[in-house]
Amino acid sequence: MAEELQTYLLEHFQWLHRHPELALKEYETTNYVKNVLKQTEGVELLNLGLDTGALAKIEGKEPGGVVAIRADIDALPILEESGLSYSSENDGCMHALPIEEKTGALYASLIPGKMHACGHDFHTTALLGVAKLLGGEREHIKGTVILLFQPAEEAEHGGEKVVNTGMFEKYKIEKIFGLHTKQNMPVGTIAIAPGPFSAAVDRFLYTVKGMGCHGSAPQTGLDPIPAAARLVGSLQEIVSRRISPTETAVISVTRFTSGTSWNIIPETARLEGTVRTFNPKVREQIVELMQAQAEGLEREGYQVEFTWIPGCPATNNDADLAELVRKEAVEEGFHVTLQHPEMGGEDFSCYQELVPGAFFHVGTGGKYPAHNSKFTVDVTFCKAALLGASKLMSEIVKKALKAS
Ligand code: NI
């Protein structure tokens, strides 16, 4: 049975890996997942209400609570170089990333390649495994299991879109679980912790407008470049001098653009970057301080536009559910380590704003990190890792239902 299930999971994993699709464009993936779910005993397909992504439920024989599991299904715009026999088949077509209207960033360009370089194919397969396992044992389930295949985790705010469908209220979801692969942990390990797991991910943009003039006569205009350069320095002082040393925050300026030629002092300079925090109060404080920086430059005569584009909040694991995951993982034979908070983002946090949830890392080995063109799940132990993750998630959900 285990061998049969491993082969079943590996087939789905390899199909998904061969057919990666970008955020909100996961049409083939969605059809594939829906078809598998339709053929899975004990699973009822529901309407998620979005163009991509899927929703299903498994109704236990006994009434009880409602627990959801989420897997993300989207891939990345990367040209695969893993050398796997089941490498991406969606590599040939060139595609443009959309121009980002809010920021006016003009870097839409034709890029080749789509790849599951973050393990979302693994997450999707593990959830199909849960469907297979739990669908076949409804007599042991007390309550309802909701299976959520979320689109657009990497970009385009998929978590928020799912929340806006109202599915949490509609299906009265009480708890939620999710996992992410971790390349630097071997197969057979998981990492979990109560509290913050990943950071809030926000984005900012400054446009500093002065007055353009001849490069030889700066006094006749108002040069935005030194002002924007000072702004970069001042932003670093927010973290080092204004935020409590016991709190965690990152402000990174990742793009600085200005000018057209060597002898023209430009009219505008533009800065863009990201802010990462765990504490919502620190997050708010940073927005205010960044706004104040803009106002400071305005007093010098510049026109400054500060745009704050909020992303997902920090994940925040419920202590009881994190403990449930830890215990169950030990029982299933996993080596469990304590997860240290990371400054990366994960839009699973959108769900944790609505209901208690726990998110954890599952070790999948492999040589290259996520978002690398050579990223793979440990090929030797892939089958075992898929089955292990499916079984662990199934047991976690059953226990969570018993407790509700
Ligand atoms: Ni990911």
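Let me start at His 157, which is found in the loop between β6 (142-150) and α4 (158-164). Helices here are DSSP runs of H or I with at least four residues, strands are runs of E with at least two, and both are numbered from the N terminus. This is a predicted model, in which local features need pLDDT of at least 70, side-chain atom pairs count only at pLDDT 80 or more, and totals for chains, interfaces and linings use all residues. Residues are numbered from 1 along each chain as its sequence is written, and side-chain values use heavy atoms, with hydrogens and water left out.

Back to His 157. Its phi is near 55 degrees, a positive value in a residue other than glycine. At 39% relative accessibility, His 157 is partly exposed. On that scale, buried is under 20% relative accessible area, exposed is over 50%, and partly exposed is in between, with a 1.4 Å probe and protein chains only. His 371 also has a positive phi, of about 70 degrees, and is not a glycine. His 371 sits in the loop between β18 (357-363) and α10, and is partly exposed at 42%.

One more loop residue. Gly 345 lies between β17 (335-338) and α9 and is partly exposed, with a relative accessible area of 38%. What is Gly 345 in contact with, leaving aside its neighbours within four places in sequence? The list is Glu 153, Ser 198, Ala 199, Val 201 and Arg 276, where contact means heavy atoms within 4.5 Å. Gly 345 and Glu 153 are 192 residues apart in sequence, and their C-alpha atoms are 9.6 Å apart in space.

Now the metal. Which residues are the protein donors of the nickel ion? They are Cys 118 through SG, His 120 through NE2 and His 180 through NE2, lying 2.1 to 2.3 Å from the ion. Donors are N, O and S atoms within 2.8 Å of the metal, or 3.2 Å for Na, K and Ca; water is not among the atoms, so sites may look incomplete. Along the chain the donors follow the spacing C-x1-H-x59-H. Cys 118 lies in the loop between β5 (110-112) and α3, and His 180 in strand β7 (residues 175-182), so the pair ties together parts that are 62 residues apart in sequence. Cys 118 and His 180 are both buried.

Beyond four places in sequence, the contacts of His 123 include Cys 118 and His 180, along with Ala 71, Asp 72 and Leu 179.

Next, aromatics. The structure holds 10 aromatic pairs. Rings of Phe, Tyr and Trp (its six-membered ring) pair if their centres lie within 6.5 Å; planes under 30 degrees apart count as stacked, over 60 as edge-to-face and the rest as tilted. The rings of Trp 15 and Tyr 32 have centres 3.9 Å apart and planes at 5 degrees, so this pair is stacked. Trp 15 is in helix α1 (residues 2-18) and Tyr 32 in helix α2 (residues 27-38), so the pair ties together parts that are 17 residues apart in sequence. Trp 15 is buried, at 17%, and Tyr 32 is buried, at 17%.

Phe 168 and Tyr 351 have ring centres 5.4 Å apart and planes at 20 degrees, so they are stacked too. Phe 168 lies in helix α5 (residues 167-170) and Tyr 351 in helix α9 (residues 349-352), so the pair ties together parts that are 183 residues apart in sequence. Phe 168 is buried at 4%, and Tyr 351 is buried at 0%. Ring pairs link Phe 168, Phe 197, Phe 348, Tyr 351 and Phe 359 into a cluster.

Last, the core. The largest nonpolar core has 58 residues, and those with the most contacts inside it include Leu 37, Phe 149 and Phe 360. A nonpolar core is a set of buried Ala, Val, Leu, Ile, Met, Phe, Trp, Tyr and Cys residues joined through side-chain atoms within 4.5 Å. Its largest share, 11 residues, comes from helix α10 (residues 382-403).
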